[in-house]
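Please look at the sequence and the structure before reading on.

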Amino acid sequence: MQVFDHDDARYVEWLKNNPAGYVLNYKKKPRGPTLHRAGCIFVNNPGPKNWGKLTHEYIKVCSTDKASIQKWIQDEPMYYCQVCFPELAVQPRPRPAENWIKKDDQVFLFVRDTVKLFRVESNDERTEITDLSAMANILAWGRKIRSKTAKRILNGKD
Ligand SMILES: [Zn+2]
């Protein structure tokens, strides 16, 4: 798998060499990342108008193996392009109700429904983060981790 970030030339080269590959158009906001086939007009449009923008605002995560792209984005919801995956272009799979986050070697749990953020200790004790700016800071700069990884860190095995 290859990730192209501010690298249009190598990205276009990859498209040429992998006509049957997959391209994840990746930008966190405002919408989730969208998966395309390498030949799709939305991601394979290296005309002069788009040159210099192909891998900038949206980086490109490319592979000939769809599963490895899914693995790369972990728990984030992934959309399928309505043009090149018409059969799959439905709503993304539901987002997980909780997200584990790691920041400054601490583990946090974000609960979507209630929009609450907790710091989790190794004994599973949870302390709610009520300060809004602290919360925003953790959500913006923390790294999303898998629940398995969180458990490993909390158990001191990481
Ligand atoms: Zn597409």
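The model is predicted: local features need pLDDT of at least 70, side-chain atom pairs count only at pLDDT 80 or more, and totals for chains, interfaces and linings use all residues. Residues are numbered from 1 along each chain as its sequence is written.

The protein chain holds four helices and 10 strands; these are DSSP runs, numbered from the N terminus, with at least four residues (H or I) for a helix and at least two (E) for a strand. From the N terminus on, their order is β-α-β-β-β-α-β-β-β-β-β-α-β-α. The C-alpha atoms fill a box of roughly 55 × 30 × 30 Å along the principal axes.

An automatic or database domain assignment gives domain 1 (2-80) and domain 2 (98-154). Their C-alpha centres lie 29 Å apart.

Five strands form an open sheet of mixed pairing, in the order 1-4-2-3-5; two strands pair if DSSP finds at least two bridges between them. Strand 1 (2-4) and strand 5 (79-80) are the edge strands, each pairing on one side only. Strand 3 (residues 34-37) runs parallel to strand 5 and is joined to strand 5 by two bridges. Leucine 35 stands opposite tyrosine 80 in strand 5.

Angles run from 0 to 180 degrees between N-to-C directions of axes fitted to C-alpha atoms, for helices over the stretch in contact.

| Helix | Lies across | Angle |
|---|---|---|
| Helix 1 (residues 8-17) | strand 1 and strand 4 (59-63) | about 135 degrees to strand 1 |
| Helix 2 (residues 66-73) | strand 2 (22-26), strand 3 and strand 4 | about 140 degrees to strand 4 |

Key
Contact = placed C-beta atoms within 7 Å.
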